[in-house]
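Subject: Structure handover

Hello,

Here is the structure for you to take over. Please open it first, then read the notes below.

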Amino acid sequence: MMKRPQLCRQLVARRFHLTRNPLWQKVPMSNFEKNDFLPYQKLTETLRCVKSRLKRPLTLSEKVLYSHLDEPETQDIKRGESYLRLRPDRVAMQDATAQMALLQFISSGLKKVAVPSTVHCDHLIEAQVCGTEDLARAKDMHKEVYDFLGSACAKYGLGFWKPGSGIIHQIILENYAFPGLLMIGTDSHTPNGGGLGGLCIGVGGADAVDVMANIPWELKCPKVIGCHLTGKISGWTSPKDVILKMAEILTVKGGTGAIIEYHGSGVESISCTGMATICNMGAEIGATTSLFPFNQRMIKYLCATGRGEMAGLAQKFQKELLTADKNCKYDQLIEINLDTLEPLINGPFTPDLAHPISKFGENSKKNGYPMDIKVGLIGSCTNSSYEDMGRCANIAKDALSHGLKSNIPFNVTPGSEQIRATIERDGMFEVFEQFGGTVLANACGPCIGQWDRKDVKMGEKNTIVTSYNRNFTGRNDANPATHCFVTSPEMVTALSICGRLDFNPLKDELEGADGKKFKLKPPHGEELPANGFDPGQNTYTAPPASGDDVKVAVDPKSERLQVLAPFEKWDGKDYVDLTVLIKIKGKCTTDHISAAGPWLKYRGHLDNISNNLFIGAVNAENNEMNKLKNQRSGAYAAVPDVARDYKANKLKWVAVGEENYGEGSSREHAALEPRHLGGVAIIVKSFARIHETNLKKQGMLALTFANASDYDKVKPDSKISLLNLKELAAGKPVDCEIKNGGSSDKIQLNHSFNELQIRWFQAGSALNMMKELASGGGGGQGAAKPKHTKK
């Protein structure tokens with residue numbers, strides 16, 4: 001086998017010879033899609049058009065984004081203000097969100113997706129015993145869903161990655177991401193692809209349907225936050241610490257409406273997969289996405305994953321398309337010196353509460369956190385690369401050489417079948433097992449709550465440490481008393497040896513089996529496997545040339561899948577005396593609105609999954625979850641039951657919340673469920689980006705208090721009227737009247753609807769409007785246009 005450095009040199013050498021050949025321009029977008037080519041020439045032409053209009057230096061993220069504009073000659077481009085209509089290169093969906101997205105696509109009546117698209121089976125596999133047994137159980141338990149997804153992919157032209165293939169974001173990085181890519185994915189951690197120089201953005205399923213239907217995708221023009229990195233990653237500090245530091249600086253909503261663009265000399269010390277880790281967790285600070293500049297680390301990764309020709313062509317367009325202009329301006333600039341960056345541990349219950357390792361033990365004792373760690377977990381889409389696994393195995397081998405192993409259960413989640421096969425071949429699998437670890441399936445598992453945890457009782461206060469990205473209350477095991485801390489996989493491994501929060505591997509000693517004291521050595525791991533990647537088992541199914549003869553069946557009696565019925569159109573009248581279903585207190589993520597875990601099995605059945613609506617949200621009236629007063633009957637009941645009662649009695653309702661409502665996962669079920677159970681509006685202090693769009697797509701009014709203090713005027717038994725809706729217009733507040741008994745308050749509610757989104761509301765949903773356009777019932781900027789997809 002040719003060694004990697006030699007292969008890279010030959011491929012780069014070929015680039016200088018082949019760029020003179022016009023055929024060199026036709027480099028496939030992936031090794032699975034030989035007839036769809038890298039669009040660099042077209043992107044460059046679009047970018048030149050935009051630059052001739054803007055007449056200013058552009059950031060890298062602006063170049064990549066604006067080069068994908070639909071009709072670049074005429075679009076208004078103002079950061080933080082205008083809405084862009086874009087043509088993404090591809091769509092990626094995980095199995096939990098793909099069910100609803102494909103059901104929507106099927107109901108549109110279209111015959112084939114317009115852009116390269118894939119479905120990845122990673123969300124439905126529950127961690128219970130070990131990888132092999134858990135995968136086998138999932139294949140049996142979810143056969144109906146997997147059969148539906150596989151047949152729908154074959155019917156409509158999508159690639160299908162079967163269960164066991166790995167986590168969507170790792171598969172994308174290994175096979176589909178490329179410098180300059182614009183991709184949307186139905187998962188909030190889609191930005192992982194920014195580690196390979198692409199703009200990869202998390203969206204709801206309805207957005208994916210638009211792109212697959214050849215309709216321009218709409219995005220509010222993001223601001224750009226620059227993060228200037230200096231110094232060098234070394235010792236116990238890891239790429240994960242960069243994003244943990246960013247979370248401390250920006251908080252969970254500081255990146256909202258912005259792209260984070262990393263640059264500076266410090267970038268060169270970070271591997272391609274390390275850059276992906278940083279971009280992945282950008283979702284936790286609300287960022288639209290994150291991006292690193294094309295560099296040698298990306299070239300090495302492309303060569304190692306069989307895409308050397310892609311690296312060569314990207315180099316040709318590097319200066320004009322894949323590099324920020326000199327003197328470009330950022331809306332905010334953050335400086336991080338990697339030489340002085342200390343390892344961080346963030347949590348519990350929120351990813352922006354950062355503790356330097358030097359102060360973590362002290363802070364934990366002061367705050368009353370459970371000091372004994374119950375479980376250590378490494379892997380997930382954020383940290384499951386070959387380098388991550390290698391560095392953790394290096395720490396484990398150090399401990400084993402002194403007769404020690406993990407003092408607690410230690411779970412390892414490989415990111416893909418390729419990673420699993422490669423670490424098994426290279427001996428890491430065996431090291432983890434000797435260390436006391438359990439290697440789980442190539443899937444999301446505990447990171448998204450797919451964990452059949454048995455070691456603690458529900459409600460028991462306990463601590464876990466993970467290398468995951470998200471640690472909201474109950475996120476991993478549905479136990480609200482679990483204190484989850486997110487950190488680097490290296491730090492998780494070290495803490496698992498001691499089993500306590502007050503262990504600092506940078507300075508504290510351990511006692512070996514021989515009674516001698518020792519300190520763990522700083523971890524080391526190879527960036528890429530010296531003998532190349534082992535692809536493992538073939539888990540990919542390409543779509544047939546024609547899907548005309550493929551049948552996609554949905555059993556009308558199914559508990560898992562349900563054909564969608566269209567939502568009702570707006571009747572043209574104001575919403576008068578709406579009932580308040582729930583006034584939510586504090587943080588309300590999409591997990592609080594539509595829980596994951598065991599509910600994932602109903603992601604394809606809207607009515608069944610609606611039985612989890614708001615069950616995790618705290619009711620401001622009584623500070624309890626899933627218990628509120630039915631204003632019609634006076635009885636207390638579960639939130640979904642009350643919502644169903646209101647719907648049955650034709651009582652339209654609103655829900656009221658606080659800041660950054662809907663942060664977290666991109667799941668559109670958190671917007672579909674309120675709409676399905678009779679909700680017409682969500683009124684909050686502020687929204688998270690993806691969820692706000694999802695609400696609009698489903699015909700809901702997403703409104704914010706013009707004065708945040710007006711939240712306090714809403715009582716559980718208030719009646720709320722939304723007035724003059726016929727005059728709803730971009731930039732114009734909505735008049736609202738709040739009635740409390742014999743008194744009333746008139747307030748204003750803001751919104752971010754544009755003209756197209758107002759049409760979604762009027763039609764009852766974006767999908768309704770799409771059908772109207774397809775049947776000739778409308779036109780305008782939302783209409784699908786004949787456009788060549790072969791680039």
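The buried residues of helix α10 are Cys-272, Thr-273, Gly-274, Met-275, Ala-276, Thr-277, Ile-278, Cys-279 and Asn-280. Buried means under 20% relative accessible area; exposed means over 50%, and partly exposed lies in between (1.4 Å probe, protein chains only). Helices (H or I, at least four residues) and strands (E, at least two) are DSSP runs, numbered from the N terminus.

Before going on, note that this is a predicted model: local features need pLDDT of at least 70, side-chain atom pairs count only at pLDDT 80 or more, and totals for chains, interfaces and linings use all residues. Residues are numbered from 1 along each chain as its sequence is written, and side-chain values use heavy atoms, with hydrogens and water left out.

Back to α10. What do the buried residues of α10 pack against? The list is α7 (168-175), α9 (239-250), β11 (258-263), β12 (289-291), α11 (296-304) and α15 (386-401).

Take α11 from that list. Its axis and that of α10 come within 8 Å and cross at roughly 105°. That makes α10 roughly perpendicular to α11. Axes are lines fitted to C-alpha atoms, for helices over the stretch in contact, and angles run from 0 to 180 degrees between N-to-C directions. Roughly perpendicular covers 65 to 115 degrees; under 35 is roughly parallel, over 145 roughly antiparallel, and the rest oblique. On the α10 side, Cys-272, Thr-273 and Met-275 meet Arg-297, Met-298 and Tyr-301 of α11. Contact means heavy atoms within 4.5 Å. By class, this contact has 4 nonpolar, 1 polar and 1 charged residues. Here Ala, Val, Leu, Ile, Met, Phe, Trp, Tyr, Cys and Pro count as nonpolar, Asp, Glu, Lys and Arg as charged, and the others, Gly among them, as polar.

Next, the strands. A closed barrel of 7 strands runs β24-β29-β30-β31-β34-β33-β32, with mixed pairing. Its twist averages 40° from one strand to the next. Two strands pair if DSSP finds at least two bridges between them. β29 (residues 653-656) and β30 (residues 679-684) pair in the parallel sense over 4 bridges. Val-656 has Ile-683 in β30 as its bridge partner.

Now the backbone. A cis peptide bond joins Gly-347 and Pro-348, with omega about 0°. Pro-348 sits in the loop between β14 (344-346) and β15 (354-356). Lys-55 is not a glycine, yet its phi is positive, near 55°. Lys-55 lies in the loop between α2 (40-54) and α3 (60-66), and counts as exposed at 68% relative accessibility. Ala-478 also has a positive phi, of about 65°, without being a glycine. Ala-478 is in the loop between β19 (462-466) and β20 (482-486), and is partly exposed at 48%.

Last, the aromatics. The whole structure has 19 aromatic pairs. The rings of Trp-599 and Tyr-602 have centres 6.1 Å apart and planes at 55°, so the pair is tilted. Rings of Phe, Tyr and Trp (its six-membered ring) pair if their centres lie within 6.5 Å; planes under 30 degrees apart are stacked, over 60 edge-to-face, and the rest tilted. Trp-599 is partly exposed, at 21%. Phe-32, Trp-161, Tyr-176 and Tyr-540 form one aromatic cluster.

Best wishes
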